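Opening the notebook on this one.

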Amino acid sequence: MMGFNYERYAGCALHNFTHRIEITLRKVFNSDFRYVASDPPYPGGSPDNPLQLYMNYDQLDPGNAQVGNGHFPPNGIDNYDYDNLEVVTTYAPDWKRYPYLFNRSEPINCTAWGCEGDCGLNYVSWWLRHIPHFRCKDKTGILNNWWPYIIDYQEGRTLEAQTSACNCQMFDDEIANCTAGGEFPWHDWIARVKMANLDNNSGKSAYSDFSQQTLDVNAGFPVEITLGTGFSYTTYDEYWKVWIDYNQDGIFDEATETFISLTAPKPADGTPFNNVTSSAFVLGGFT
(Lines give C-alpha, C1' and ligand atoms only; values in the text may rest on other atoms or scores of the structure.)
Protein backbone atom coordinates (compact mmCIF):
# COMPACT_ATOMS: atom_id res chain seq x y z
CA MET A 1 0.00 0.00 0.00
CA MET A 2 1.19 3.49 -0.74
CA GLY A 3 -0.36 6.92 -0.50
CA PHE A 4 0.78 10.51 -0.82
CA ASN A 5 0.88 12.80 2.22
CA TYR A 6 -0.62 16.19 1.33
CA GLU A 7 1.33 17.75 4.22
CA ARG A 8 4.59 17.21 2.32
CA TYR A 9 5.83 19.02 -0.76
CA ALA A 10 5.03 17.50 -4.15
CA GLY A 11 8.72 16.91 -4.74
CA CYS A 12 8.99 14.81 -1.58
CA ALA A 13 5.94 12.76 -2.58
CA LEU A 14 7.38 12.04 -6.03
CA HIS A 15 10.80 11.36 -4.53
CA ASN A 16 9.20 8.72 -2.33
CA PHE A 17 7.49 7.33 -5.43
CA THR A 18 10.86 6.81 -7.14
CA HIS A 19 11.80 4.41 -4.35
CA ARG A 20 8.60 2.44 -4.86
CA ILE A 21 9.51 2.22 -8.54
CA GLU A 22 13.08 1.11 -7.86
CA ILE A 23 12.07 -1.67 -5.48
CA THR A 24 9.16 -2.85 -7.64
CA LEU A 25 11.33 -3.06 -10.75
CA ARG A 26 14.00 -4.85 -8.73
CA LYS A 27 11.39 -7.58 -8.25
CA VAL A 28 10.37 -7.47 -11.94
CA PHE A 29 13.93 -7.99 -13.16
CA ASN A 30 14.76 -10.35 -10.29
CA SER A 31 18.07 -8.66 -9.67
CA ASP A 32 19.85 -6.22 -7.42
CA PHE A 33 21.21 -2.88 -8.55
CA ARG A 34 24.02 -0.59 -7.49
CA TYR A 35 22.72 2.53 -5.78
CA VAL A 36 25.86 4.18 -4.41
CA ALA A 37 29.43 3.88 -5.58
CA SER A 38 30.34 1.80 -2.52
CA ASP A 39 27.93 -0.98 -3.53
CA PRO A 40 29.80 -4.02 -4.89
CA PRO A 41 30.24 -4.15 -8.69
CA TYR A 42 28.10 -6.55 -10.70
CA PRO A 43 29.62 -9.96 -11.44
CA GLY A 44 31.68 -9.90 -14.60
CA GLY A 45 30.83 -11.75 -17.78
CA SER A 46 27.24 -10.57 -18.31
CA PRO A 47 25.75 -7.25 -19.48
CA ASP A 48 23.64 -5.10 -17.19
CA ASN A 49 19.94 -5.85 -17.35
CA PRO A 50 17.63 -2.97 -18.40
CA LEU A 51 16.97 -1.79 -14.84
CA GLN A 52 20.66 -1.82 -13.91
CA LEU A 53 21.48 0.08 -17.07
CA TYR A 54 18.67 2.61 -16.59
CA MET A 55 19.94 3.46 -13.10
CA ASN A 56 23.57 3.89 -14.13
CA TYR A 57 25.20 7.23 -13.40
CA ASP A 58 28.68 8.50 -14.20
CA GLN A 59 30.25 7.88 -10.81
CA LEU A 60 29.23 4.21 -10.96
CA ASP A 61 30.31 3.65 -14.56
CA PRO A 62 32.34 6.58 -15.92
CA GLY A 63 31.35 7.48 -19.48
CA ASN A 64 28.27 5.26 -19.40
CA ALA A 65 25.75 7.32 -17.42
CA GLN A 66 22.11 6.65 -18.27
CA VAL A 67 19.15 8.14 -16.34
CA GLY A 68 20.35 7.60 -12.77
CA ASN A 69 18.32 6.75 -9.68
CA GLY A 70 16.19 8.56 -7.14
CA HIS A 71 19.19 9.98 -5.28
CA PHE A 72 21.84 10.22 -7.97
CA PRO A 73 21.26 11.99 -11.31
CA PRO A 74 23.54 11.08 -14.25
CA ASN A 75 26.23 13.48 -12.99
CA GLY A 76 25.62 12.91 -9.26
CA ILE A 77 28.49 12.36 -6.83
CA ASP A 78 26.53 12.62 -3.54
CA ASN A 79 23.02 11.74 -2.37
CA TYR A 80 20.40 14.29 -3.53
CA ASP A 81 22.95 15.91 -5.85
CA TYR A 82 20.22 17.48 -7.99
CA ASP A 83 21.86 20.88 -8.57
CA ASN A 84 25.25 19.62 -9.77
CA LEU A 85 26.56 21.74 -12.67
CA GLU A 86 29.32 19.32 -13.64
CA VAL A 87 28.83 18.14 -17.23
CA VAL A 88 29.01 14.43 -18.04
CA THR A 89 27.93 12.33 -21.01
CA THR A 90 24.62 10.54 -20.59
CA TYR A 91 22.76 8.01 -22.73
CA ALA A 92 19.41 9.12 -21.31
CA PRO A 93 18.11 10.03 -24.83
CA ASP A 94 18.28 6.30 -25.67
CA TRP A 95 15.37 5.61 -23.34
CA LYS A 96 12.96 7.55 -25.54
CA ARG A 97 13.19 4.59 -27.97
CA TYR A 98 13.36 1.65 -25.54
CA PRO A 99 13.96 -1.23 -26.16
CA TYR A 100 15.82 0.09 -29.22
CA LEU A 101 18.98 1.51 -27.67
CA PHE A 102 21.24 3.01 -30.32
CA ASN A 103 23.90 4.76 -28.22
CA ARG A 104 22.33 8.20 -28.45
CA SER A 105 24.14 10.44 -25.99
CA GLU A 106 24.32 14.08 -24.96
CA PRO A 107 26.23 16.24 -22.47
CA ILE A 108 24.19 16.89 -19.35
CA ASN A 109 24.17 18.70 -16.04
CA CYS A 110 21.39 19.91 -13.75
CA THR A 111 20.19 22.51 -16.27
CA ALA A 112 18.55 19.61 -18.15
CA TRP A 113 15.88 19.34 -15.44
CA GLY A 114 16.06 22.81 -13.91
CA CYS A 115 18.50 22.22 -11.05
CA GLU A 116 16.99 23.08 -7.69
CA GLY A 117 13.45 22.16 -6.71
CA ASP A 118 11.71 21.15 -3.50
CA CYS A 119 12.86 17.62 -2.58
CA GLY A 120 14.32 17.32 -6.07
CA LEU A 121 10.98 17.87 -7.83
CA ASN A 122 12.60 18.99 -11.08
CA TYR A 123 15.01 16.08 -11.31
CA VAL A 124 12.47 13.47 -10.17
CA SER A 125 9.99 14.69 -12.80
CA TRP A 126 12.71 14.40 -15.47
CA TRP A 127 13.59 10.90 -14.21
CA LEU A 128 9.97 9.72 -14.29
CA ARG A 129 9.51 10.95 -17.87
CA HIS A 130 12.23 8.53 -19.02
CA ILE A 131 10.56 5.40 -17.59
CA PRO A 132 9.89 3.07 -20.58
CA HIS A 133 6.23 3.06 -21.62
CA PHE A 134 6.09 1.29 -24.99
CA ARG A 135 4.20 -1.62 -26.57
CA CYS A 136 5.10 -5.30 -26.62
CA LYS A 137 7.76 -7.16 -24.64
CA ASP A 138 11.54 -7.23 -24.61
CA LYS A 139 13.51 -10.31 -25.58
CA THR A 140 13.27 -11.71 -22.02
CA GLY A 141 9.46 -11.45 -21.93
CA ILE A 142 9.20 -8.35 -19.73
CA LEU A 143 6.80 -5.60 -20.80
CA ASN A 144 8.38 -2.66 -22.59
CA ASN A 145 5.94 -0.55 -20.58
CA TRP A 146 7.15 -0.64 -16.96
CA TRP A 147 4.23 1.36 -15.56
CA PRO A 148 1.77 -1.56 -15.12
CA TYR A 149 4.26 -3.23 -12.76
CA ILE A 150 4.78 0.04 -10.89
CA ILE A 151 1.09 0.80 -10.35
CA ASP A 152 -0.16 -2.78 -9.90
CA TYR A 153 2.54 -5.45 -9.88
CA GLN A 154 0.17 -8.40 -10.27
CA GLU A 155 -1.65 -6.68 -13.12
CA GLY A 156 1.69 -6.18 -14.84
CA ARG A 157 2.46 -9.87 -14.58
CA THR A 158 -1.00 -10.68 -15.96
CA LEU A 159 -0.42 -8.36 -18.91
CA GLU A 160 2.82 -10.19 -19.73
CA ALA A 161 0.81 -13.29 -20.65
CA GLN A 162 -1.62 -11.25 -22.73
CA THR A 163 0.92 -9.11 -24.60
CA SER A 164 2.44 -9.89 -27.98
CA ALA A 165 6.19 -10.13 -28.35
CA CYS A 166 5.77 -8.16 -31.63
CA ASN A 167 7.79 -8.71 -34.78
CA CYS A 168 11.06 -7.33 -33.54
CA GLN A 169 12.67 -7.77 -30.13
CA MET A 170 15.93 -6.03 -29.46
CA PHE A 171 17.73 -4.57 -26.47
CA ASP A 172 21.33 -4.23 -27.60
CA ASP A 173 22.79 -2.16 -30.42
CA GLU A 174 22.47 -4.83 -33.10
CA ILE A 175 20.16 -3.94 -35.96
CA ALA A 176 17.53 -6.62 -36.33
CA ASN A 177 15.65 -7.49 -39.51
CA CYS A 178 12.23 -6.14 -38.64
CA THR A 179 9.06 -6.20 -40.63
CA ALA A 180 8.09 -2.63 -41.55
CA GLY A 181 4.67 -1.60 -40.36
CA GLY A 182 2.61 0.91 -38.44
CA GLU A 183 -0.70 1.34 -36.68
CA PHE A 184 -3.63 3.48 -37.83
CA PRO A 185 -2.62 7.08 -37.00
CA TRP A 186 -4.47 9.14 -34.44
CA HIS A 187 -2.83 12.55 -34.09
CA ASP A 188 -0.79 13.06 -37.28
CA TRP A 189 0.10 11.26 -40.49
CA ILE A 190 1.74 11.65 -43.90
CA ALA A 191 -1.05 13.07 -46.04
CA ARG A 192 0.71 14.11 -49.23
CA VAL A 193 3.94 13.67 -51.18
CA LYS A 194 4.38 15.75 -54.34
CA MET A 195 7.53 15.53 -56.45
CA ALA A 196 7.91 16.17 -60.18
CA ASN A 197 4.96 14.48 -61.96
CA LEU A 198 3.93 12.52 -58.83
CA ASP A 199 1.28 13.96 -56.48
CA ASN A 200 0.13 11.32 -54.01
CA ASN A 201 -2.55 12.21 -51.44
CA SER A 202 -2.65 9.21 -49.13
CA GLY A 203 -5.21 10.35 -46.59
CA LYS A 204 -5.43 9.13 -43.02
CA SER A 205 -4.23 5.56 -43.20
CA ALA A 206 -1.89 3.09 -41.52
CA TYR A 207 1.60 2.30 -42.81
CA SER A 208 1.28 2.20 -46.60
CA ASP A 209 3.34 0.94 -49.54
CA PHE A 210 3.33 3.16 -52.64
CA SER A 211 6.41 1.63 -54.25
CA GLN A 212 4.48 0.87 -57.44
CA GLN A 213 4.14 4.58 -58.17
CA THR A 214 6.85 6.16 -60.32
CA LEU A 215 8.05 9.62 -61.26
CA ASP A 216 10.44 11.13 -63.78
CA VAL A 217 13.37 13.30 -62.70
CA ASN A 218 16.51 14.54 -64.42
CA ALA A 219 19.79 13.87 -62.65
CA GLY A 220 21.83 16.98 -61.93
CA PHE A 221 18.83 19.34 -61.82
CA PRO A 222 16.95 20.69 -58.77
CA VAL A 223 13.66 18.99 -57.97
CA GLU A 224 10.95 20.54 -55.82
CA ILE A 225 9.22 18.31 -53.28
CA THR A 226 6.14 19.07 -51.18
CA LEU A 227 5.49 17.05 -48.02
CA GLY A 228 2.14 17.30 -46.29
CA THR A 229 1.05 16.38 -42.77
CA GLY A 230 -2.55 15.70 -41.76
CA PHE A 231 -3.72 16.41 -38.19
CA SER A 232 -6.76 15.25 -36.23
CA TYR A 233 -6.68 18.40 -34.10
CA THR A 234 -3.52 18.79 -31.97
CA THR A 235 -0.55 19.78 -34.14
CA TYR A 236 3.19 19.22 -33.77
CA ASP A 237 6.53 20.12 -35.26
CA GLU A 238 7.13 17.55 -38.00
CA TYR A 239 10.59 16.22 -38.88
CA TRP A 240 10.87 15.00 -42.45
CA LYS A 241 13.58 12.98 -44.17
CA VAL A 242 13.52 11.61 -47.73
CA TRP A 243 16.03 9.18 -49.18
CA ILE A 244 16.76 8.04 -52.75
CA ASP A 245 18.24 4.57 -53.15
CA TYR A 246 20.69 5.60 -55.87
CA ASN A 247 22.49 2.24 -56.13
CA GLN A 248 19.22 0.29 -55.69
CA ASP A 249 20.64 -2.04 -53.05
CA GLY A 250 17.58 -1.76 -50.78
CA ILE A 251 19.52 0.24 -48.16
CA PHE A 252 19.13 3.97 -47.55
CA ASP A 253 22.58 5.25 -46.68
CA GLU A 254 22.47 8.34 -44.45
CA ALA A 255 25.68 9.85 -45.80
CA THR A 256 25.13 9.43 -49.55
CA GLU A 257 21.42 8.85 -50.15
CA THR A 258 19.64 11.46 -48.01
CA PHE A 259 17.72 13.64 -50.46
CA ILE A 260 15.95 16.07 -48.12
CA SER A 261 15.96 16.62 -44.35
CA LEU A 262 13.83 19.44 -42.96
CA THR A 263 11.46 20.55 -40.21
CA ALA A 264 7.89 21.83 -40.63
CA PRO A 265 7.06 24.12 -37.65
CA LYS A 266 3.91 23.38 -35.70
CA PRO A 267 0.84 25.21 -37.06
CA ALA A 268 -2.06 26.29 -34.86
CA ASP A 269 -4.09 23.50 -33.24
CA GLY A 270 -7.09 22.68 -35.41
CA THR A 271 -5.13 23.06 -38.68
CA PRO A 272 -6.19 20.04 -40.79
CA PHE A 273 -3.18 19.99 -43.15
CA ASN A 274 0.27 21.54 -43.24
CA ASN A 275 2.53 21.44 -46.30
CA VAL A 276 6.23 22.19 -46.43
CA THR A 277 8.11 22.61 -49.73
CA SER A 278 11.82 22.39 -50.47
CA SER A 279 14.10 21.54 -53.37
CA ALA A 280 17.30 19.57 -53.82
CA PHE A 281 19.50 18.21 -56.57
CA VAL A 282 19.12 14.62 -57.72
CA LEU A 283 22.58 13.11 -58.10
CA GLY A 284 23.80 11.71 -61.38
CA GLY A 285 23.82 8.03 -62.16
CA PHE A 286 20.26 7.45 -60.96
CA THR A 287 17.79 5.59 -63.18
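**Ground rules.** I call a residue buried under 20% relative accessible area, exposed over 50% and partly exposed in between, using a 1.4 Å probe and protein chains only. This is a predicted model, so local features need pLDDT of at least 70 and side-chain atom pairs count only at pLDDT 80 or more, while totals for chains, interfaces and linings use all residues. Residues are numbered from 1 along each chain as its sequence is written, and side-chain values use heavy atoms, with hydrogens and water left out. Helices (H or I, at least four residues) and strands (E, at least two) are DSSP runs, numbered from the N terminus.

Entry: I started with Cys136, which sits in strand S3 (residues 133-137). Its phi is near 70 degrees, a positive value in a residue other than glycine. Cys136 counts as buried because its relative accessibility is 13%. Gln248 also has a positive phi, near 55 degrees, and is not a glycine either. I found Gln248 in the loop between strand S8 (238-243) and helix H6 (254-257). Next I looked up the cis peptide bond between Tyr98 and Pro99, where omega is about 5 degrees. Pro99 belongs to the loop between strands S1 and S2 (106-108).

**Entry: disulfides.** A disulfide is a covalent bond between the sulfur atoms of two cysteines. My cut-off is a pair of cysteine sulfur atoms within 2.5 Å. How many disulfides does the structure hold? There are two.

One of them links Cys12 and Cys119, with an S to S distance of 1.7 Å. The torsion about that S-S bond is about 40 degrees, so I note this disulfide as right-handed. Cys12 lies in helix H1 (residues 10-28) and Cys119 in the loop between S2 and helix H3 (121-129), so the pair ties together parts that are 107 residues apart in sequence. Cys12 is buried at a relative accessible area of 11%, whereas Cys119 is partly exposed at 33%.

The sulfur atoms of Cys110 and Cys115 are 2.0 Å apart and form a disulfide. Here the torsion is about 70 degrees, so this disulfide is right-handed. Cys110 has 0% relative accessibility and counts as buried; Cys115, at 17%, counts as buried as well.

**Entry: Gln66.** Is Gln66 buried or exposed? It is buried, because its relative accessibility is 3%. Gln66 lies in the loop between helix H2 (50-54) and strand S1 (88-90). For contacts I take heavy atoms within 4.5 Å. Not counting residues up to four places away in sequence, Gln66 touches Leu53, Tyr54, Asn56, Pro74, Thr90, Tyr91, Ala92 and Trp95. Its side chain also makes a polar contact with the side chain of Asn64, at 3.2 Å. A polar contact here is a pair of N or O atoms within 3.5 Å; within protein, one must be able to donate a hydrogen and the other to accept it, and residues adjacent in sequence count only if both atoms are side-chain atoms.

**Entry: strand pairing.** I count two strands as paired if DSSP finds at least two bridges between them. Four strands make an open, antiparallel sheet in the order S6-S5-S7-S10. Its edge strands are S6 (198-201) and S10 (273-281), each pairing on one side only. Within it, S5 (residues 188-195) and S7 (residues 222-231) run antiparallel and are joined by seven bridges. Lys194 has Thr226 as its bridge partner in S7.

S8 is joined to strand S9 (residues 258-264) by six bridges, also antiparallel. The bridge partner of Lys241 in S9 is Ser261.

**Entry: cores.** A nonpolar core is a set of buried Ala, Val, Leu, Ile, Met, Phe, Trp, Tyr and Cys residues joined through side-chain atoms within 4.5 Å. The largest has 34 residues, and Ile21, Leu25, Tyr54, Trp95, Trp126, Trp127 and Trp146 touch the most other members. H1, H2, H3 and helix H4 (147-151) are the elements giving two or more residues to this core. H3 supplies the largest share, five residues. Another core, of 15 residues, lies apart from it and includes Met195, Leu227, Trp240 and Val242.
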